Structures are given as structure tokens and as C-alpha cells.
Number of protein chains: 2
Amino acid sequence: VDTAVIGLGLIGGSLLRALAAAGHRVVGFDIDPATRSAARRAAHRSGGGGTWRVAETVETAVENTGLVVLAVPLPALPDVWARMTGAGHTGLVTDVTSVKEPVRALAGGRHRFVGGHPMAGRETSGFAAADPGLFTGCAWVLCLESETVLADWLDLAHLLTSLGARVVPATAAEHDRAVATVSHVPHLVAAALVDAAAGDPLAALLAAGSYADGTRVAASSPDLVAAMCGGNAPSVGPALDAVLDVLRAQRATLDGPEPVAALRPLLAPASAVRRSWPPAAGVPGDLPATADALLAAGRAGGWVTAVADDRRSATVVRPDVPAARN
Amino acid sequence: VDTAVIGLGLIGGSLLRALAAAGHRVVGFDIDPATRSAARRAAHRSGGGGTWRVAETVETAVENTGLVVLAVPLPALPDVWARMTGAGHTGLVTDVTSVKEPVRALAGGRHRFVGGHPMAGRETSGFAAADPGLFTGCAWVLCLESETVLADWLDLAHLLTSLGARVVPATAAEHDRAVATVSHVPHLVAAALVDAAAGDPLAALLAAGSYADGTRVAASSPDLVAAMCGGNAPSVGPALDAVLDVLRAQRATLDGPEPVAALRPLLAPASAVRRSWPPAAGVPGDLPATADALLAAGRAGGWVTAVADDRRSATVVRPDVPAARN
């Protein structure tokens with residue numbers, strides 16, 4: 001077997017299907033017997049889309065497997081990790097959880113581990129929603145640390161780009177800071193906007209587009225949002241401080257003599273930045289497959305679309321940022 | 001002529017068309033000669049949709065007119081107001097600007113004035129985008145103050161509900177507080193989220209749904225947002241303070257020993273509130289057309305759908321709020 005996928009929810013199930021459809025030998029496992037049954041039934045029905053095995057334990061799933069993908073929620077990772085290492089797996093391991101420093105700490109440099117995070121959230125979940133095309137065009141962060149075996153990273157990037165993913169090289173710290181800013185803090189802010197308007201039926205009646213958009217993710221499960229933000233607290237704290245700093249500067253203008261004139265220059269940069277987001281993709285180019293070059297591309301907002309078979313170069317697309325005007 | 005509409009942008013132009021289509025005699029004026037020409041050409045083309053006159057000055061527009069609708073931006077109001085009173089208009093006046101206390105101060109109780117605000121913002125603007133159906137189902141706040149002539153308020157509500165609007169009774173202070181909370185502060189927060197992520201291409205690459213939704217209105221014109229928020233500074237300040245209080249409470253949990261457990265109870269109420277917004281409409285009912293009864297309905301999130309021809313009662317719909325669970 002080439003790959004074992006542990007955890008067959010939306011991400012794990014989609015990866016099982018995508019790998020099978022691409023001709024890889026793959027085995028899956030899920031802690032839930034009903035999910036295992038569903039995955040087994042789907043394997044029998046699967047026609048041209050390739051097929052897969054479903055194991056009854058973590059231990060049998062990872063046996064004689066080159067790559068293990070841990071697609072379980074963060075709280076389940078330590079137990080699954082212990083079972084995997086207990087079963088004698090010494091091959092490559094990756095994961096798909098949304099916070100990367102805690103998993104790096106769990107791995108503790110003891111293993112051939114490359115942390116990963118596919119940015120493929122959806123409103124649906126579970127194996128029933130699994131889709132082999134989920135990763136086409138999907139940004140998939142692969143962590144590249146001082147302890148990472150570059151050949152392992154490149155093998156994974158080769159595999160995931162072959163499934164259509166845009167592989168983003170980043171350190172765990174860079175990843176955690178970025179998602180704190182663009183995902184975790186927006187969830188907290190949405191909840192705060194709802195709280196500030198709660199209990200006022202007139203406000204609820206007059207609320208329209210800006211409220212609807214700005215609070216949409218406040219309807220998410222509070223358990224999931226608390227786990228996501230609290231699990232990344234060391235990065236979410238400073239990211240929230242950055243938002244608080246801006247809001248306090250705006251607040252100060254409102255008590256001043258000329259709030260309109262004082263607010264305008266505070267708001268203009270954000271308007272320009274938001275209008276130019278998301279940036280268009282630039283022209284693909286090749287770079288040497290070194291950790292420095294890959295991480296520099298990730299920091300510039302670039303992503304890997306292919307890794308050469310000899311693992312000596314990678315094709316990278318960077319955002320097409322218009323030259324700054326003087 | 002029944003009604004003069006001063007200012008033929010999206011709101012004024014749509015009102016001109018809607019009133020004409022409903023068989024009212026209506027005259028329009030706009031400061032821009034090109035807009036006047038466009039409105040005149042459209043009047044000639046207008047078939048079954050009724051027609052209108054276009055005047056060359058404010059003074060000739062308001063001559064012998066029972067109702068004047070001021071549909072100009074807030075900065076233009078004082079000049080238009082002076083021209084209108086200078087021309088000897090003594091009939092009813094309303095406006096459509098998004099902040100109501102400053103206009104109430106401008107009117108100074110000197111005139112038969114009822115402040116209004118149709119919540120009909122769109123991404124398009126100008127007479128070319130005018131749509132006689134714009135006000136169908138639209139929440140249209142009509143201000144009801146101690147100095148308001150109730151018969152004037154009811155006449156306006158009768159007219160606007162006949163165009164399909166949901167007329168919301170509120171004081172200017174209540175209106176300004178509500179829109180600060182559900183519209184103005186969400187614009188400031190969206191800008192802050194963009195600022196906090198600006199200059200980080202990796203964050204821009206990993207940004208997805210929660211960033212896209214939470215920052216959408218940050219792309220608005222900074223001039224318009226500054227005018228809107230700064231023009232309502234006395235209400236936006238406290239509304240922003242309410243958001244800052246929640247964010248600071250969230251922030252405090254992130255440095256604590258158990259951020260996940262501490263965040264969960266802070267996030268749960270907002271999730272429940274957002275899932276139940278917008279509320280369903282309840283069963284329509286009639287109430288006596290008194291200021292107290294109308295304002296109470298507005299504070300409960302209700303709106304007027306019809307005013308009796310004898311002006312003694314109004315039909316009101318309140319939100320269908322499920323009974324609180326014990």
C-alpha cells in the first residue's frame with residue numbers, strides 16, 4: 001500500500017477518493033464503524049474512480065505503508081500518533097489540522113513528519129460529502145522546518161500537486177500567524193459584532209448587507225471556533241491586538257472635532273488593499289528546490305504547482321502584484 | 001403637483017419612477033444638468049409606468065407642491081433646504097439620508113418635517129440605476145419625534161406603504177444608534193481586519209471565506225464610509241466601544257491557561273443569535289395610530305405595512321420570535 005489515510009471525514013475521505021482515482025494504492029481507517037462501513041460500500045461501488053481498502057484498526061492500516069496521512073481532529077492526534085508509532089510505522093507522516101505548531105511539538109522531531117493544512121473548509125462535513133475533486137486549486141500548506149527532510153517535503157508536494165493542489169511552503173509559525181490573521185480573528189470579530197447588536201430588535205430589523213456579511217461566520221459552531229482560536233492562542237493574541245490597535249485609532253477620531261476628515265485617511269489604505277484582493281496569478285516559473293527558495297516563494301504569496309521528477313526544481317506561481325506607483 | 005423629488009440619484013430617481021407608476025403627479029430636480037436631461041428623456045419614453053416633469057431649479061420644483069422629498073447627500077442638504085424655504089414652500093418635507101439627528105437639527109422644528117431613511121443601498125448608483133420596484137419590501141425608517149405632526153407622519157407612511165415599503169417608526173436617536181451598530185461599525189471593523197492582514201502576501205494567499213465575507217465592505221469608498229461614520233460619530237463611538245468590550249474579553253482568554261474552555265461560553269450566545277437572524281415575520285395585526293403604539297412596535301422590530309384611510313389605525317408586522325426557553 002502506498003498511503004494510509006486515518007480519519008475519513010470530508011478531508012480524509014476526499015483524499016482517499018482522490019488518491020484512488022489517481023491510481024494509488026490506498027487504505028483508509030475511521031474510528032467510527034458506520035463511517036468505515038460507508039467507506040467500504042463506496043469502494044465496492046466505485047467504478048472508474050479507483051478503489052481502496054478499509055482497515056479495522058490504526059495498526060493494520062499503517063502496516064507496510066510508505067505514507068500516513070493523519071486526517072483526524074487535533075484532540076484525537078496524540079492517541080492516533082501513539083498507535084501509529086506503536087505499530088512500528090517509520091515512514092513519512094503528514095496531517096491536515098488547522099494549527100501547525102502544536103502538531104510540530106507533538107511530532108517532536110522524532111519522526112519523518114511534514115505538517116500540512118489544506119485550506120478546503122466547506123459547510124458540509126463527513127465521508128458522505130467527500131469529493132475527489134476537492135483539492136483542485138486548493139491552497140495546501142506544507143510546513144518546511146529546519147528539521148524537515150527536504151526529500152520528504154518534495155515527495156509530498158509532488159503527490160499533492162499531482163492532485164491539483166497549490167502547495168504553499170511555510171514554517172509552522174508563519175502558517176499559524178497567517179491563519180490567525182485571516183481566519184481565526186475574523187471569527188472572533190464576527191461574534192463581537194453580533195454581541196454588540198444582540199437584544200435590540202430595531203437594530204436586527206435595520207441590519208442588512210454589511211451586518212449579514214460581517215457576521216456570517218459567527219453562526220459557526222462555538223465549539224469548533226473556540227478549539228480553532230484557543231488552539232492557536234499564541235498567534236491569535238497578537239493578531240487580535242493588531243485589529244484592536246486599528247479600532248482604537250478609529251475610535252479616537254470619533255470624539256475629535258472633525259471625525260469625517262480624521263477617518264478618511266485611516267480608511268483609504270484598507271479600501272485600496274481590499275479592492276486588489278485576491279491578486280491575479282502571475283506567470284509560472286521554475287526555481288531550485290531548496291528550502292530557502294521555497295520558503296521565500298511562500299512568503300511572497302506564491303505556491304508550487306509541480307515538482308520535477310528528479311526533485312531538483314519546482315514550478316512556482318507568484319501573485320501578479322502591480323508595480324507600486326510613485 | 002403632489003410631490004417634488006430633489007436629487008435624482010438611485011433613491012430619488014427610483015422614488016420618482018415609483019410615484020409616477022402609482023399614478024401620482026410628480027416633479028423631479030437634480031443639480032446635474034446631465035441627470036436632468038436623462039430624467040427628461042426617460043419621462044418621454046415611459047409608457048405604462050406613468051410620467052413626470054423635470055424642473056430646472058429647486059424653486060420651480062417645489063412650487064405648489066404638497067410634499068418635498070429631499071434625496072440629496074447630507075452635505076448638500078443645508079443649501080437645498082434654504083432654497084426650498086426661500087421659495088415659500090410650507091408643505092410637508094422628508095429626506096432619505098442615512099443619519100437622522102443632524103437633519104433633525106437642521107430642520108430645527110421650524111417646518112413640517114418627517115425624517116426618513118430607506119434601507120435600500122445598492123452597489124449601483126445614479127439615475128440610470130433607478131428602479132420603481134426598489135422599495136418593495138424595503139425597510140424605510142420614518143422618524144417620529146415629540147415635535148412631529150402625527151397626521152403628517154401617517155400621510156407619509158400611507159404613501160410609502162402603498163409603494164411596498166415596510167415603514168419602521170423610530171426616533172432619530174434610536175435610528176442613529178441602530179445603524180451605528182449594524183452598519184457603520186461593521187464598516188470600521190472590516191477596514192481594521194484588512195489593515196491587520198495588509199502587507200503579508202502569505203496571509204493574503206491563505207485568506208478564504210471568513211476573510212472575504214468579513215472584509216467585503218472595506219472595499220467601499222473611504223469618502224462615503226468616513227462621511228457615514230463621522231457624520232454619526234455620537235452614536236458610532238459608543239457602538240464601537242461595545243464591540244471593543246467584547247474583543248477585549250476574548251483577548252483576555254487567549255493569555256489564560258485554558259483558552260479553548262474560556263472562549264467557548266463567550267462565543268456560544270453570538271452563534272445562537274446569528275443563527276436566528278433574520279427572524280421570520282409574524283402575523284400582521286392592527287394597532288391604534290398613536291405615536292406611543294407606533295414607536296413601541298418599532299422598538300420591538302416591527303414595521304407598518306398599511307395605514308388606514310381614516311388615519312386611525314395601522315397594520316403592523318412584528319418579528320416572530322420563538323418564546324424564550326426556560
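**Salt bridges and a helix pair**

Modeller: At a relative accessibility of 39%, Arg216(A) counts as partly exposed. This is a predicted model, where local features need pLDDT of at least 70 and side-chain atom pairs pLDDT 80 or more, while totals for chains, interfaces and linings use all residues. Residues are numbered from 1 along each chain as its sequence is written, chains are lettered from A and ligands numbered from 1 in the order written, and side-chain values use heavy atoms, without hydrogens and water.

Colleague: What makes Arg216(A) partly exposed?

Modeller: Buried means under 20% relative accessible area, exposed over 50%, and partly exposed in between (1.4 Å probe, protein chains only). Arg216(A) has 39%, so it is partly exposed.

Colleague: Why is the pair Asp213(A) and Arg216(A) called a salt bridge?

Modeller: The term asks for a side-chain nitrogen of Lys or Arg within 4 Å of a carboxyl oxygen of Asp or Glu. Here the closest N and O atoms are 2.5 Å apart, so the pair qualifies. Over all chains, the whole structure has 36 salt bridges.

Colleague: How do you know that Glu59(A) and Arg83(A) tie together separate parts?

Modeller: Their side chains meet in a salt bridge at 3.4 Å, N to O. Glu59(A) lies in helix α3 (residues 58-62) of chain A and Arg83(A) in helix α4 (residues 77-86) of chain A, so the pair joins parts 24 residues apart in sequence. Helices here are DSSP runs (H or I, at least four residues), strands likewise (E, at least two), numbered from the N terminus.

Colleague: Why are α11(A) and α11(B) called roughly antiparallel?

Modeller: Axes are lines fitted to C-alpha atoms, for helices over the stretch in contact, with angles from 0 to 180 degrees between N-to-C directions. Under 35 degrees is roughly parallel, over 145 roughly antiparallel, 65 to 115 roughly perpendicular and the rest oblique. The axes of these two helices, each residues 233-254, come within 10 Å and cross at roughly 165°. The pair is therefore roughly antiparallel.

Colleague: Which residues make that contact?

Modeller: Contact means heavy atoms within 4.5 Å. Among them are Leu240(A), Leu244(A) and Leu247(A) of α11(A), and Leu240(B), Leu244(B) and Leu247(B) of α11(B). By class, the contact has 14 nonpolar, four polar and six charged residues. Ala, Val, Leu, Ile, Met, Phe, Trp, Tyr, Cys and Pro count as nonpolar, Asp, Glu, Lys and Arg as charged, and the others, Gly among them, as polar.
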